[in-house]
Amino acid sequence: MPAILPTVLPDVSPLLLAMDLTGIFIFGLTGGTLAVRHRLDIFGVMVLALVTALAGGVLRDLLIGAIPPATMQDERYLITALASGLFAFFFHPFINRLVKPVMVLDAAGLGIFAVAGCGKALAYGLGPLPAVLLGVLTACGGGLVRDVLVAEVPRVLREEIYAVAALLGAAIVIAGAMLDLPKAPVAIAGAAAAFLLRVVSVLRGWSAPRAPGS
């Protein structure tokens with residue numbers, strides 16, 4: 001099957017790196033803020049921030065053969081995640097004054113990670129469907145581990161449109177690649193679409209279909 005993208009070297013582009021680091025900081029804030037809400041100490045806050053920020057990307061890299069994962073090759077990933085945990089620990093009152101702070105941050109991280117994960121999968125030569133699935137895994141993996149660690153049902157399994165929003169963002173990246181559109185505008189559009197769908201779904205109470213009679 002012919003590739004939908006020109007041959008791309010597996011080096012991380014500046015765009016993917018910027019999106020990865022931005023998503024790491026945002027997701028780290030959600031993990032750290034949730035840890036503070038659960039009254040964890042500074043160690044617990046840092047662990048939850050690190051797991052939330054990095055787990056999805058590590059799983060993605062392992063599955064596409066980017067070994068060792070980018071987190072272990074580039075100290076900027078770990079530094080960004082640690083910085084987000086410290087920020088959440090010291091400035092959580094400011095974050096909590098925002099309207100629906102964790103949801104908004106989580107939606108932003110969701111969109112960025114879905115796009116970055118899908119883009120990196122394409123850069124490593126994967127086809128459209130596996131790339132979309134890895135985009136969703138990148139976006140949802142860290143949040144899933146975060147929720148399990150604080151004994152909550154993972155948000156991706158119970159909340160309003162969540163994984164579907166990540167699917168939308170990744171699908172836009174695939175469409176842009178097939179049409180050979182500029183990568184940066186496509187990435188921004190994908191992240192924005194996933195973010196908006198997630199936020200609107202929460203505000204309007206939309207949810208994915210459930211089993212009849214459940």
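Modeller: UniProt positions are given in the numbering used here, and its annotations may be inferred rather than shown by experiment. The model itself is predicted.

Biologist: Where does UniProt place the feature "domain: Glycine transporter"?

Modeller: The unreviewed entry puts that feature at residues 18-92 and 104-175. In the model, residues 18-92 are 87% helix and 0% strand. The end C-alpha atoms of this span lie 24 Å apart.

Biologist: Why is Arg39 called exposed?

Modeller: Exposed means over 50% relative accessible area. Arg39 has 76% relative accessibility, so Arg39 counts as exposed. Arg39 sits in the loop between α1 (14-37) and α2. From the C-alpha atom of Arg39 to that of Ile67, 28 residues apart along the chain, the separation is 35 Å.

Biologist: Why is Leu86 called partly exposed?

Modeller: Buried means under 20% and exposed means over 50%, with partly exposed in between. The relative accessible area of Leu86 is 38%, so Leu86 is partly exposed. Leu86 belongs to helix α4.

Biologist: Which residues make the nonpolar surface patch?

Modeller: Ile42, Phe43, Val47, Leu86, Phe87, Phe90, Phe91, Phe94 and Leu149 make the patch, which covers about 870 Å².

Biologist: Which helix gives the most to the nonpolar patch?

Modeller: Helix α4 does, with five residues. Both α2 (42-64) and α4 (75-96) supply at least two residues each.

Methods. Residues are numbered from 1 along each chain as its sequence is written. This is a predicted model: local features need pLDDT of at least 70, side-chain atom pairs count only at pLDDT 80 or more; totals for chains, interfaces and linings use all residues. Side-chain values use heavy atoms; hydrogens and water are left out. Helices (H or I, at least four residues) and strands (E, at least two) are DSSP runs, numbered from the N terminus. Patches are made of residues with over 30% relative accessible area and no salt bridge: like charges are joined within 9 Å, nonpolar side chains (Val, Leu, Ile, Met, Phe, Trp, Tyr) within 5 Å. Accessible areas come from the Shrake-Rupley method with a 1.4 Å probe; for residues, only the protein chains shown count as cover. A salt bridge is a side-chain nitrogen of Lys or Arg within 4 Å of a carboxyl oxygen of Asp or Glu. Buried means under 20% relative accessible area, exposed over 50%, partly exposed in between (1.4 Å probe, protein chains only).
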